[in-house]
Amino acid sequence: MVFGRSERRPRPAPAEPVALKILVAGGFGVGKTTLVGAVSEIRPLRTEERLTEAGRPIDDLHGVEAKSTTTVAMDFGRITVRDELVLYLFGTPGQDRFWFLWDELVRGALGAVVLADTRRLADSFAAIDYFERRGLPFVVAVNCFEGADRYPAEAVRDALDLGDAVPVVLCDARVRESARDVLVAVVEHAMRRGAQQREPALP
Ligand SMILES: Nc1nc2c(ncn2[C@@H]2O[C@H](COP(=O)(O)OP(=O)(O)OP(=O)(O)O)[C@@H](O)[C@H]2O)c(=O)[nH]1
Ligand SMILES: [Mg+2]
């Protein structure tokens, strides 16, 4: 008797992709919304409101004078890094007055990006402190704006007083491949940290 194709062993069903949540944080106007928009494969959800005259004394636009809106709740995007790995991106609002939202956004996150601008490095401290206090793995990504002095990653590490384990990378938040590399760095760093924590302590 001749058997047809149905006799063959069925192929295993493709594995469900792993979905991970990554936060994109950092100071006001550092490029968080830009990064999520550059890398997202779906139309990113944005919650932008126009900057107003009333906010001018508080909102420091030095270096980003063309900026006309600010994030008031979050950005949301998605990227498939590999077939089996999907990242959901949550961009935080940068202004201090919306910080209460961070506690909601951080829930269930695998790790975070702290975007930094070398002209306003001190604006990154709050985000770095936030993730250090919660023990959430993060990488610092320097968004290299034109007109900003270029510094090697190690100089930024020293200036931000970061431990050796925290990756510092340079990026252009407007460029998809560059933004993607930053996200891959976060995932790899978080995986390394997770593996180290699972290793039994030596006697
Ligand atoms: N030249 C240059 N401009 C950039 C870059 N990234 C962002 N911008 C511009 O800088 C401004 C700020 O970018 P946003 O992405 O809105 O910054 P944000 O961090 O989301 O800002 P908030 O949500 O208000 O904290 C915008 O006008 C962007 O077009 C960059 O890499 N180079
Ligand atoms: Mg924004």
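**Exercise 1. Find the residue just after helix 3 that takes a positive phi, and give the angle.**

Step 1. Just after helix 3 comes Gly135, with a positive phi of about 70°. Helices here are DSSP runs (H or I, at least four residues) and strands are DSSP runs too (E, at least two), numbered from the N terminus.

Step 2. Keep the source in mind. This is a predicted model, where local features need pLDDT of at least 70, side-chain atom pairs count only at pLDDT 80 or more, and totals for chains, interfaces and linings use all residues. Residues are numbered from 1 along each chain as its sequence is written, and chains are lettered from A and ligands numbered from 1 in the order in which they are written.

**Exercise 2. Sort out the buried and exposed residues of helix 3.**

Step 1. Take the cut-offs: buried means 20 or more other C-beta atoms within 10 Å of a residue's own, exposed means 12 or fewer, and partly exposed lies in between, with C-beta atoms placed from the backbone.

Step 2. In helix 3 (residues 125-134), Ala127, Ile128, Tyr130 and Phe131 are buried.

Step 3. These residues cover an arc of only 160° around the axis, so they sit on the same side of helix 3. The arc is that of the directions from the helix axis to the C-beta atoms.

Step 4. Asp129 and Arg133 are exposed, on the face turned away from the buried side.

Step 5. The cover over the buried residues includes strand 1, helix 2 (102-105), strand 6, strand 7 and helix 4.

**Exercise 3. Describe the open sheet of 6 strands.**

Step 1. Write the order: 4-5-1-6-7-8, with mixed pairing. Two strands pair if DSSP finds at least two bridges between them.

Step 2. Find the edges. Strand 4 (75-82) and strand 8 (168-171) each have a single partner strand, so one side of each is left without a neighbour in the sheet.

Step 3. Look at one pair. Strand 1 (residues 18-26) and strand 5 (residues 85-91) run parallel, joined by 7 bridges. Ile22 has Leu89 as its bridge partner in strand 5.

**Exercise 4. Characterise the shell around ligand 1.**

Step 1. There are 20 residues around ligand 1 (C-beta atom, placed from the backbone, within 6 Å). Gly31, Thr33, Thr70, Thr71 and Gly94 come nearest.

Step 2. Helix 1 (32-39) and strand 3 (69-71) are the elements that give two or more residues. Helix 1 gives the most, with 3 residues.

Step 3. The shell divides into 7 nonpolar, 8 polar and 5 charged residues. Ala, Val, Leu, Ile, Met, Phe, Trp, Tyr, Cys and Pro count as nonpolar, Asp, Glu, Lys and Arg as charged, and the others, Gly among them, as polar.

Note on methods: Contact = placed C-beta atoms within 7 Å.
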